[in-house]
Amino acid sequence: MRLIIPLAITFTAGMIMILNFFIPHRPFNILGENLQDWYIIVASGAIFLGAVNLMHVHIRKIRLKLKNWKYSPITIAGFLVMIVTGLFYGVTEDMPFDYLFMNMVAPMGATMFSLLAFFVASAAFRAFRASNWRATLLLTSAFLVMLGQVPIGAMIWDKIPLAKVWLMSIPNTAGQRAVMIGAAMGVVATSLRMIFGIERSYLGGAD
Amino acid sequence: MANIFVKMGDLDRRIIFVLIALAVIIPMITNLVIPNIVGQEPSRDLYDFVDALPEGSNVLVSFDYDPSTLPELQPMAEAVVMHLFQKNLNIIGMALWPQGAALGQEAMSSLADSLGKVQYEDWVNLGYKSGGGVMIVRLGTSISAVFPTDRDNVPWDEIPMLNDIGSLRDISLVISLSAGDPGIIAWVMMAGDRYAVPIGGGCTAVSAPQLYTYLQTKQMVGLLGGLKGAADYETLVGIEAGPAVRGMSPQSVAHLAIMLFIIIGNVAYFSQKRKKGGAR
């Protein structure tokens, strides 16, 4: 039963969604919409699980004094402050939650992503070598895209932005599409295998 | 001379960090202005599509990003919202990312105040809802089933601008400002392909190459790629010295600096190679 019930649920839910797509009429549309609503509710539950897990991981880290445990009280404090301000004052504008979000969370998040520029520059300096004709082609394309992505490229030569658009629209699209079609076919195959009970690894290793 | 180039190959990365920081800071403090020229790019296609929409059309703007990509996507959001307000289009804001709802609120409310637009008549923020692509499919049959209230808990039925809206089929355009998944791709697959809603979008520069595939197939009506896309939209809308246009100067200099580092790295690499070859 431990195996049959999950397989039956997966098969039923998968078939309902497939039938709902091809026959969007009663009863399949109603069943499909109900399943979609359930999914949204379950996905919301995952946020709660994430919050519980965050607390569990950091409390354990403090208790056992694991590596970098000193940062954990700050994480927990920040988490609790946002929860308390959100629950007691709401998340609307001009409330403490919104103030903290716009003046602390937003600038700190942006700062973290901005650090990428420094690492990209350092990595490009060390790794981007014209060691053979393929690498040289990649390097030339990168230069054209980097120049085409900023106004100074058009100031140097007005054809550089056009070259960038051509590179992005033709060679890039060809490569991207090959990868995306391959991945999509993989998704379809895996989904069908799961619906028909051939792929069972999502059950946690039960045979 | 060759030894100097070889030594340059071992440049301490802290020096690179300092030089990149200077490449960004100096243009900012000197107010260096590099005029932004908008070519025939996907950003112009999005602008033209929005511009051609009839007055009073409903446009759904999905703020699918968080503060980490705010420097690129928030100027986009502001420029797009400004254009939609200028054209008297109704904006329905929402988010597939939890923190996107607050960022969208910031963009819409600040511009609405300055342009005299009224909440619930000209714009509304439905907030965040989990579920990604599945939730978008549900919007295709009923938006109010997913969002019974807006972000401030005002019931759907009490919002006048939503009276005539049932599902995604009543939306003239979806614009997703996306930093990843769920984002533009989910909108294209679930709303565009399934319910024939035109999809436009904006994304970070790093994710733009993947989305060009949807432009060629006309699954997207236009795309704003990175800060340049935001600067293009600001220029087309007529925002003078907006954050993205101002950001073009530091970005131009930073790009030149990175290119210079790559050239130095290659000169050092070939000098080292020649030196090794000579020694043999």
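This report describes the confidence, architecture, interface, cores and selected local features of a predicted model with chains A and B.

## Confidence and overall form

The predicted model has an ipTM of 0.87 and a pTM of 0.91. For chain B, the average pLDDT is 92, and 98% of the residues score at least 70.

Chain B contains 11 helices and six strands. Along the principal axes, its C-alpha atoms fill a box of roughly 80 × 40 × 35 Å. Of the 280 residues in chain B, 53% are buried. Among the contacts in chain B with a separation of 6 or more, 74% are between residues 24 or more positions apart.

## Contact between the chains

Chain B contributes 52 residues to the contact and chain A contributes 49 residues. On the side of chain B that touches chain A, the elements giving two or more residues are α2 (13–29), α4, α5 (100–115), α6 (132–139), α9 (208–216), α10 (226–237) and α11 (243–279). Helix α11(B) supplies the largest share of that side, with 13 residues.

By class, the side of chain B that touches chain A comprises 26 nonpolar, 18 polar and eight charged residues.

## Nonpolar cores

In soluble globular proteins, nonpolar side chains tend to be buried together. In this model the largest nonpolar core has 92 residues. The residues with the most contacts inside this core are M76(B), A77(B), V80(B), V81(B), I91(B), V174(B) and W187(B). Helix α4 of chain B, spanning residues 70–86, gives the most to the core, with 10 residues.

When residues up to four places away in sequence are not counted, A77(B) touches F63(B), L103(B), G104(B), A107(B) and L177(B). Another core, of 11 residues, lies apart from the largest one. Its members include F128(A), V253(B), A254(B) and I258(B).

## Helix packing in chain A

Two packed helices are described by the angle between their axes and the distance between the axes. In chain A, helix α2 (residues 28–63) and helix α3 (residues 72–89) pack at an angle of about 145 degrees, with their axes 9 Å apart. The crossing in which α2(A) passes α3(A) is left-handed.

On α2(A), the residues of this contact are L54(A), M55(A), H58(A), K61(A) and I62(A). They meet S72(A), P73(A), T75(A), I76(A) and F79(A) of α3(A). By class, the residues of the contact of α2(A) with α3(A) comprise six nonpolar, three polar and one charged.

## Backbone features

Positive phi values occur at two residues other than glycine, N153(B), near 65 degrees, and A196(B), near 55 degrees. N153(B) is placed in the loop between α7 (143–146) and β4 of chain B, and is classed as exposed because it has 10 C-beta neighbours inside 10 Å, where 12 or fewer is the cut-off. A196(B) is found in the loop between α8 and β5 of chain B. With 10 C-beta neighbours inside 10 Å, A196(B) is therefore also exposed.

V206(B) is located in the loop between β5 (199–203) and α9 of chain B.

V165(A) belongs to helix α8 (residues 160–169) of chain A. With 17 other C-beta atoms within 10 Å, V165(A) is likewise partly exposed. V165(A) and N20(A) are 145 residues apart along the chain, and their C-alpha atoms are separated by 40 Å.

Key. Residues numbered from 1 in each chain as written. Chains lettered and ligands numbered in written order. Axes fitted to C-alpha atoms, helices over the stretch in contact; angles between N-to-C directions. Helix = DSSP H or I, 4+ residues; strand = E, 2+ residues; numbered from the N terminus. Left-handed = near helix turned anticlockwise from the far one by under 90°. Contact = placed C-beta atoms within 7 Å. Nonpolar A, V, L, I, M, F, W, Y, C, P; charged D, E, K, R; others polar. Core = buried A, V, L, I, M, F, W, Y, C linked by C-beta atoms within 7 Å. Buried ≥ 20, exposed ≤ 12 C-beta atoms within 10 Å, placed from the backbone. pLDDT = per-residue confidence, 0-100.
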